[in-house]
Amino acid sequence: MSRILSFCTAAALAVTPVIAHAGEAEDMTAAARTAFASYLGEGDEDPVADWDRPVFSAETTGLIAAWKKGLSDGEVEDLNGGGWFCDCQDFDSDSFKLGLTPRFQTGQASAVVDAKVDLGLGSPVRDMQLAMVKESGRWKIDDL
């Protein structure tokens, strides 16, 4: 009986990382997709600038706050002259396409999501990478 119990325990432990891995990929992809919600026309009734979206890590949120303090009211700079997640000023939300591929190792608190962004304007697909970190059990964008 104890051999069967040991075998069952070993089998359960062997499967656990696979289950955690699948959940991590889904969670990471969902977090990255949230950043692109306004481009995809997904539930953004009152869209905000990309840098004001609640998708960034604590460290990056602090850097953004410091950057915003130095902005003048009417001045457009390189960082606020377009969308951060599309690297654009114009896009077509009806034909905008997004492909996300997470790359990570199970148990790590940082990872990368490769993004393929099609603005829907006939321009070439843009390749982007989102550096992700896990904070308080949630994946956040740490860098673009």
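**Exercise 1.** Which residues have the most contacts inside the largest nonpolar core, and how many residues does this core have?

*Solution.* The structure is a predicted model. Its largest nonpolar core has 31 residues, and Phe36, Phe85 and Phe96 have the most contacts inside it. At least two core residues come from each of helices H1 (2-35), H2 (37-40) and H3 (58-69) and strands E1 (97-103), E2 (110-118), E3 (126-135) and E4 (138-143). Helix H1 provides the largest share, five residues. Leaving aside neighbours within four places in sequence, Phe36 is in contact with Phe85, Phe96, Leu98, Leu100, Ala115, Val117 and Leu130.

**Exercise 2.** Classify the ring pairs Phe36 with Tyr39 and Phe56 with Trp84.

*Solution.* The count of aromatic pairs is 10. For Phe36 and Tyr39, the ring centres are 6.2 Å apart and the planes stand at 55°, so the pair is tilted. Both of these residues are buried. For Phe56 and Trp84, the centres are 6.1 Å apart and the planes stand at 75°; because angles over 60 degrees count as edge-to-face, this pair is edge-to-face. The pair links distant parts of the chain, 28 residues apart: Phe56 lies in the loop between H2 and H3, and Trp84 in the loop between H3 and E1.

**Exercise 3.** Is glutamate 24 buried or exposed, and with which side chain does its side chain make a polar contact?

*Solution.* Glutamate 24 belongs to helix H1. Its relative accessible area is 16%; buried means under 20%, so glutamate 24 is buried. Its side chain makes a polar contact with the side chain of tryptophan 139, at 2.8 Å. Not counting residues up to four places away in sequence, glutamate 24 touches Phe104, Lys134 and Trp139.

Key: Residues numbered from 1 in each chain as written. Predicted model: local features only at pLDDT ≥ 70, side-chain atom pairs only at ≥ 80, totals over all residues. Heavy atoms only, no water. Core = buried A, V, L, I, M, F, W, Y, C linked by side-chain atoms within 4.5 Å. Buried < 20%, exposed > 50% of the residue type's maximum accessible area, 1.4 Å probe, protein only. Helix = DSSP H or I, 4+ residues; strand = E, 2+ residues; numbered from the N terminus. Contact = heavy atoms within 4.5 Å. Polar contact = N/O pair within 3.5 Å; in protein donor to acceptor, adjacent residues only side chain to side chain. Phe/Tyr/Trp six-rings, centres within 6.5 Å; stacked < 30°, edge-to-face > 60°.
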